[in-house]
Amino acid sequence: MGPGEMVQAAAMARRFYLEGKSKIQIAEEFGVSRFKVARVLETALERDLVRIEIRVPAELDAERSDALRAHYGLRHAVVVETPAEQADAPDQENLGTVAAGLLGELVSDGDVLGLAWGRSIITMANALERLAPCTVVQLTGVYDVGTAERGSVEAVRTAAAVSGGEAHPLYAPMVLADPATAAALRAQSQIAAAMSHFDKVTVAVVSVGSWEAGVSTVHDALTDVERRHYAGLGVAAEMSSQLFDAQGRQVGRDLGERCITIEADRLRRIPEVLAVAGGRRKAAAIDAVLRSGLVTSLVTDTGAAEHLLRTTEPPARPALDRADPDGP
């Protein structure tokens, strides 16, 4: 390029990339065709006169995020960088912080936000800095009723305080001894009032557990005999007290009769369901839940993402067929 061409190309590039002018506007200004403008911009890139750099924060893995979104047909997928030595267990603080940022993008004025129990979800609620005005509903009972300051009740209150909306917590355990006790609790006026909002939820946040000690709150709440029974059914994952096998099929539906939780069929009708889970130890469980078609978006980490991207192509699922929350 000669000096005249170089100066002109630099001027056109400045108009297009920095000032946001269209190729037609630039063509009118310089008295050339829009096709010439396109050729000049292309040449500017080829001759290194213009450099386009895509930068995301160091804690986000943009390449794996996009690959994971495409692999499972998700609406959103965000992968958080984790050091190799911490790949087995998730960094709850990082996952929660990133999930809080994504939730701020997903929730719009007037939405009904549902929060399930989960350590990452509790951390997410504490990390929320902005949230559009919305109603916040608790989707599951609590795992440990005696630790409200760390539990989902407090997460619901915190999210509602940030958004300035109403809070509808569930003052009940997640897993009860039998279906009759669970039914009696559901009939209580305060719990029934909170659960009446389940069908109005437009954005939900859930966690995922593997069927092993310390990685699933439901697993830890059952007896040894009950754990062996459900393990015999092929349980690979748990989400909001719903059990799934490795192919994403729901199993052990009888457990739901003993739980204070949102049902899988209701979750499937929610336009946006965000799962927050990470760690290589949970990767197989996350894969199972994604195969169920209940989840539309995911926040995870590199420890889990590396395993998920090595799985065989999952079957087509309806995540992207749901009503788009941002659509007409």
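Reader: Where do E154 and R157 lie, and how many residues apart are they?

Author: Both sit in helix α7 (residues 152–163), three residues apart, about one turn of the helix. Helices here are DSSP runs of H or I with at least four residues, strands are E runs of at least two, and both are numbered from the N terminus. E154 forms a salt bridge with R157, with the closest N and O atoms 3.7 Å apart. A salt bridge is a side-chain nitrogen of Lys or Arg within 4 Å of a carboxyl oxygen of Asp or Glu.

Reader: Good to know. What should I keep in mind about the model itself?

Author: It is a predicted model, where local features need pLDDT of at least 70 and side-chain atom pairs count only at pLDDT 80 or more, while totals for chains, interfaces and linings use all residues. Residues are numbered from 1 along each chain as its sequence is written, and side-chain values use heavy atoms, leaving out hydrogens and water.

Reader: Which residue does E272 meet in a salt bridge?

Author: The partner of E272 is R75, at 3.4 Å from N to O. This pair links distant parts of the chain: E272 is in strand β10 and R75 in the loop between α4 and β1, 197 residues apart. Buried means under 20% relative accessible area, exposed over 50%, and partly exposed in between (1.4 Å probe, protein chains only). E272 is buried at 2% relative accessibility, and R75 is buried too, at 15%. By contrast, E154 is partly exposed at 29%, as is R157 at 38%.

Reader: How many salt bridges does the structure hold?

Author: There are 16. Among the residues involved, D199, E263, R266 and R269 are linked in a network.

Reader: Now the sheet, please. In what order do the strands run?

Author: Two strands pair if DSSP finds at least two bridges between them. Seven strands form an open sheet with parallel pairing, in the order β1-β11-β10-β5-β2-β3-β4. Its edge strands, β1 (76–80) and β4 (167–168), each pair on one side only.

Reader: Is strand β5 covered on one face or both?

Author: First the general idea: in a regular strand the side chains alternate between the two faces of the sheet. In β5, both faces are covered: V203, V205 and S207 are buried on one side, A204 and V206 on the other. β5 pairs in the parallel sense with β10 (residues 272–276) over five bridges, and V206 stands opposite A275 in β10. With β2 (residues 112–115), β5 has three parallel bridges, and L113 stands opposite V203.
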